[in-house]
Amino acid sequence: MHRLGVGILELGAHLIVCTVTDATGNEATCEFTVTVVDSVAPDLVCPPDMTVECQFPEGAVVNYDLPIANDACDGQPPVECVPPPGSTFPLGSTEVTCSSTDRSGNQIQCSFLITVVDTTPPDLVCVDTGEE
């Protein structure tokens, strides 16, 4: 038995032609199509929930690392998160949703929470009125 042309097929339809020849030179051929599809979404793992200290009355600017998606066919497809890194997050908890879509349209999402807390006591400046 001889295997010629065996290899990895790319996405899409491929015509395969098989020919066999016996010892007396008689030959038979058949053809068939192999279609390679990508129906599996990328892998995506979001960072753990985060808690940050309030920075100003509107909340805090939070920078976080984008998760990395891994896909068997596309390597590392792009990832988008809403709200994106560098956004201002208000006091309280905000859900961040990240998604990645491979070239075949398979999509995955993950989410995590960013919680802005205010644990810093206010500054108090007493003004000397000169009265006793």
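Tyrosine 64 is buried, at a relative accessible area of 7%. Buried denotes under 20% relative accessible area, exposed over 50%, and partly exposed in between, with a 1.4 Å probe and protein chains only. Phenylalanine 112 is also buried, with a value of 2%. The model is predicted, so local features require pLDDT of at least 70 and side-chain atom pairs pLDDT 80 or more, while totals for chains, interfaces and linings use all residues. Residues are numbered from 1 along each chain as its sequence is written, and side-chain values use heavy atoms, without hydrogens and water.

A search of the whole structure returned 1 aromatic pair. Tyrosine 64 and phenylalanine 112 form this pair, in an edge-to-face arrangement with 5.2 Å centre to centre and 80° between the planes. Rings of Phe, Tyr and Trp (its six-membered ring) pair if their centres lie within 6.5 Å; planes under 30 degrees apart are stacked, over 60 edge-to-face, and the rest tilted. The pair links distant parts of the chain, 48 residues apart. Tyrosine 64 sits in the loop between β4 (60-62) and β5 (79-82), phenylalanine 112 in strand β8 (residues 107-117).

The chain has 8 strands and 0 helices. These are DSSP runs, numbered from the N terminus (helices: H or I, at least four residues; strands: E, at least two). Of the 132 residues, 23% count as buried. The C-alpha trace spans about 125 × 20 × 15 Å along its principal axes. Among contacts (heavy atoms within 4.5 Å) between residues at least 6 apart in sequence, 50% join residues at least 24 apart.
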